[in-house]
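Colleague: Could you walk me through how to read this model? I would like the general idea each time, and then the case at hand.

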Amino acid sequence: MSLVSPLNKVLGLGSAKGGSEHWWVQRLSAVALVPLGLWLLIAIARLPDFGYATVVAWIANPLNSILLILLTLTMVYHSHLGIQVVVEDYVHGKATKTATLIVLTLAHLFLGCAGVYSVLRIGFGS
Amino acid sequence: MDRADRPISPHVFVYRWQITNTLSILHRMTGIVLSLGVLVAVCWLVALAGGEAGYERVRSAYSAVWFQPLYLGWIFSIFFHLANGIRHLCWDAGYGFEHHQIRIGGWLVVAFAAVTTVVFSAFVLF
């Protein structure tokens, strides 16, 4: 006789209360970051200098704006997922762990928002 | 031993250092370093969106001598995390689990990260 309820058997969820979504989105964001990351590295290497006018002109290019927004969102999301696992592994105690996760999740949300807003503002020429 | 003082898994420092566990831990450490890099990069982006005066202030702060080793750390972290991440994706797809493949793959990642760090740093930093 199994103690697992029929519903839980169908959902495939154990005591972790979750399935494979976290694992899957971490890999999905990792795959997206390979081309996006290489694009940024090559772009940085090709910038003649890091002066204000040069960098603004580079970001203001629509394709660069779009790729930079995609990169910001993917990077922040991937960072959030990775840091979350590290905290779950190494921060002990339910209260400390939960508080750390809340602070870091909100910090990542803020970083994502700040990054996207900045690119848009530069792109639309504030 | 008091219940609260018992060692809690994962036990990082009880194992002999080998290419496998060293790179695994390095993957996490470079991930954390890169998360801090995202924070620094977004600060830079926000300054850029705020106008030339603020950007030049941040730029001169980021040009400080003590900041230069950090760039080296970020450059190494991004290339190591990229290469080792692809190694992880190969495992996720079911490839490269043989004993010799794991060792050769690990050393390939180290070699790639070392070479690209030197080349990219020489190109961008100096």
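Modeller: We will go from the fold of one chain to its packing and its partner.
Modeller: This is a predicted model, where local features need pLDDT of at least 70, side-chain atom pairs count only at pLDDT 80 or more, and totals for chains, interfaces and linings use all residues. Residues are numbered from 1 along each chain as its sequence is written, while chains are lettered from A and ligands numbered from 1 in the order in which they are written.

Colleague: How many helices and strands are there in chain B?

Modeller: Helices (H or I, at least four residues) and strands (E, at least two) are DSSP runs, numbered from the N terminus. Chain B has four helices and zero strands, giving the pattern α-α-α-α along the sequence. Its radius of gyration (over C-alpha atoms) is 19 Å, well over the 14 Å that the globule rule (2.2 Å times the number of residues to the power 0.38) gives for 126 residues, so chain B is more spread out than a compact globule.

Colleague: At what angle do the axes of α1(B) and α2(B) cross?

Modeller: Axes are lines fitted to C-alpha atoms, for helices over the stretch in contact, and angles run from 0 to 180 degrees between N-to-C directions. Here α1 (residues 19-50) and α2 (residues 52-62) of chain B come within 7 Å and cross at roughly 150°. That makes the two helices roughly antiparallel (angles over 145 degrees). Residues are in contact if their C-beta atoms, placed from the backbone, lie within 7 Å; α1(B) contributes Trp44(B) and Leu48(B), among others, and α2(B) contributes residues including Tyr55(B) and Val58(B).

Colleague: Which residues have the most contacts inside the largest nonpolar core?

Modeller: A nonpolar core is a set of buried Ala, Val, Leu, Ile, Met, Phe, Trp, Tyr and Cys residues joined through C-beta atoms within 7 Å, buried meaning that 20 or more other C-beta atoms lie within 10 Å of a residue's own. The largest one has 26 residues, and those with the most contacts inside it are Val38(B), Leu48(B), Phe79(B), Phe80(B), Ala83(B) and Ala113(B). Its largest share, eight residues, comes from α1(B). Beyond its neighbours within four places in sequence, Phe79(B) touches Phe112(B), Ala113(B), Thr116(B) and Thr117(B).

Colleague: And how many residues of chain B are in contact with chain A?

Modeller: The size of an interface is often given as the accessible area lost when the parts come together. Counted by contacts, 26 residues of chain B meet 28 of chain A. On the chain B side, α1(B) gives the most, with eleven residues.

Conventions
Parallel < 35°, antiparallel > 145°, perpendicular 65-115°, else oblique. Contact = placed C-beta atoms within 7 Å. Buried ≥ 20, exposed ≤ 12 C-beta atoms within 10 Å, placed from the backbone.
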